[in-house]
Amino acid sequence: MSESVRIALLGSGVVGGAVARRLTEAKDEFAARIGRPLEIVGVAVRDTTKDRSDTGLDASLFTTDAEKLVTEADIVVELMGGIDPAKALLQKAIESGASVVTANKALLGQDGAELYELAEKHGVDLYYEAAVAGAIPLIRPMRVSLAGDSVHRVMGIVNGTTNFILDKMDRTGAQLSDVLAEAQALGYAEADPTADVEGHDAQAKAAILASLAFHTRVRTSDVHVEGIMGVTADDIRAARRIGCVIKLLAIAELVEKDGTQAVNVRVHPTLINRNHPLGSVREAFNAVFVETQLAGELMFYGRGAGGDPTASAVLGDLVQAARHRVTGGRGPGESAYANLPIEPIAASQTAYFIRLDVEDKPGVLGNIAKTIGEHGVSIESMRQGARRSQDGVATLHIITHRANEADLATVVDELKSSDDVREVFSVLRVEGE
Ligand code: NAP
């Protein structure tokens, strides 16, 4: 090994640029913390003609030849995103003996196991703190600090864009489309917001968290996902009336039925009590609530995105991998020994909130309660909302006890076809105390 630890950066965009800047600005601190200097041997980009002087790096370091670059470093930091060519480049880097650091949730959610196996085979580190919840130290606590405990449940707000939108709807009463437009104007949402609002970004992060929590391989495609586009201002108002907020939650829990354990993992809009720690997470912040056997309840909170915050997590990984190059040792590899089955969404159990308009006439409430009870679902509360006597309609807000997803779906179908029901507006899951 040369005197310095050689670093190759793949990408110099929002995160890669912030990483490069900090590496040049705090060069001496990194050398002191690691025991040897870090040397950036190259930065792979698509366009070498862009002005990147704000990184403090010499223009000659930027290259389009990422394939060659990954074979010339001790540590490769991948911040280009996407599957192709990031996956092949990381594979090549590992095969060349480099440790790798990545922030790429899409790649890890889809092909993490393959990369883990390759890293294991070649005896190198694979770190990815920035892939879930940006700046928040979460992956290392899950992989290292909680290695002697047992996690039961992880519930997280892991997408800042959707939290910004839902929080703004809650505070202003505005409709989703208006808030989304504002979020785009402010740079909180992409021009194409699909990955955020449809829940796909949170889906990949849920897969990563579930894998770590339950020592089981969970891929993005194993995670049930529902986005926020169906959430209306009326839903938010109704949630507020019962002391709740609506959040897009990534939920991974250990379930046990008939003595057999399984992993239940899903992403969906959820009603949660305002007093729950996740209920008070505002704007574009992220937070992850972890329940374990010994530690009890833990809450991780902070910025889930942005150049500098994300660079903080990437650089923590880089320092750790560099220390291993200097003093020897390796970080933890994949832990998938439990190999639990993934529970199908139809089998999952949660409480539900149903908002519907019914005929405003005697006997209707009894009929509704009977329809719900006939399918093994019990009602925790049923409140009458606004009564519009002019058109003979009353709005009902029903909260069920924990019920089976499939039973609930049957109840909703029956309610929709009932003569007593004018319209079922929304069915939302309820979590937390
Ligand atoms: P970005 O701003 O779009 O930057 C991507 C960089 O990669 C650019 O420098 C681009 O080159 C380069 N690049 C892309 N494709 C390439 C290719 N085929 N060959 C060579 N270079 C290529 O992306 P970002 O926001 O920094 O995100 C990077 C990663 O961090 C992603 O995996 C993302 O999910 C993750 N992440 C981002 C955030 C965040 O707040 N942005 C937070 C957490 C995690 P050019 O500059 O020449 O276009």
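Author: The model is a predicted one, in which local features need pLDDT of at least 70 and side-chain atom pairs count only at pLDDT 80 or more, while totals for chains, interfaces and linings use all residues. Residues are numbered from 1 along each chain as its sequence is written, and side-chain values use heavy atoms, with hydrogens and water left out.

Turning to the helices (DSSP runs of H or I with at least four residues, numbered from the N terminus), helix 2, residues 27–34, packs against helix 12, residues 307–327, with the axes 9 Å apart and an angle of about 50 degrees (axes are lines fitted to C-alpha atoms over the stretch in contact, and angles run from 0 to 180 degrees between N-to-C directions). These two helices are therefore oblique to each other (angles under 35 degrees count as roughly parallel, over 145 as roughly antiparallel, 65 to 115 as roughly perpendicular, and the rest as oblique). F30, R33 and I34 of helix 2 make the contact (heavy atoms within 4.5 Å) with L315, V319, A322, R323 and V326 of helix 12. By class, six of these residues are nonpolar, none is polar and two are charged (Ala, Val, Leu, Ile, Met, Phe, Trp, Tyr, Cys and Pro count as nonpolar, Asp, Glu, Lys and Arg as charged, and the others, Gly among them, as polar).

Helix 7, residues 160–172, and helix 8, residues 176–186, have axes that come within 9 Å and cross at roughly 125 degrees, so this pair is oblique. F164, I165, K168 and M169 of helix 7 meet L176, V179, L180, E182, A183 and L186 of helix 8, and the residues of this contact divide into eight nonpolar, no polar and two charged.

Finally, E95 is found in helix 4, residues 86–95. Leaving aside its neighbours within four places in sequence, E95 is in contact with L118 and H122, while the C-alpha atoms of E95 and K121, which are 26 residues apart in sequence, are 8.9 Å apart in space.
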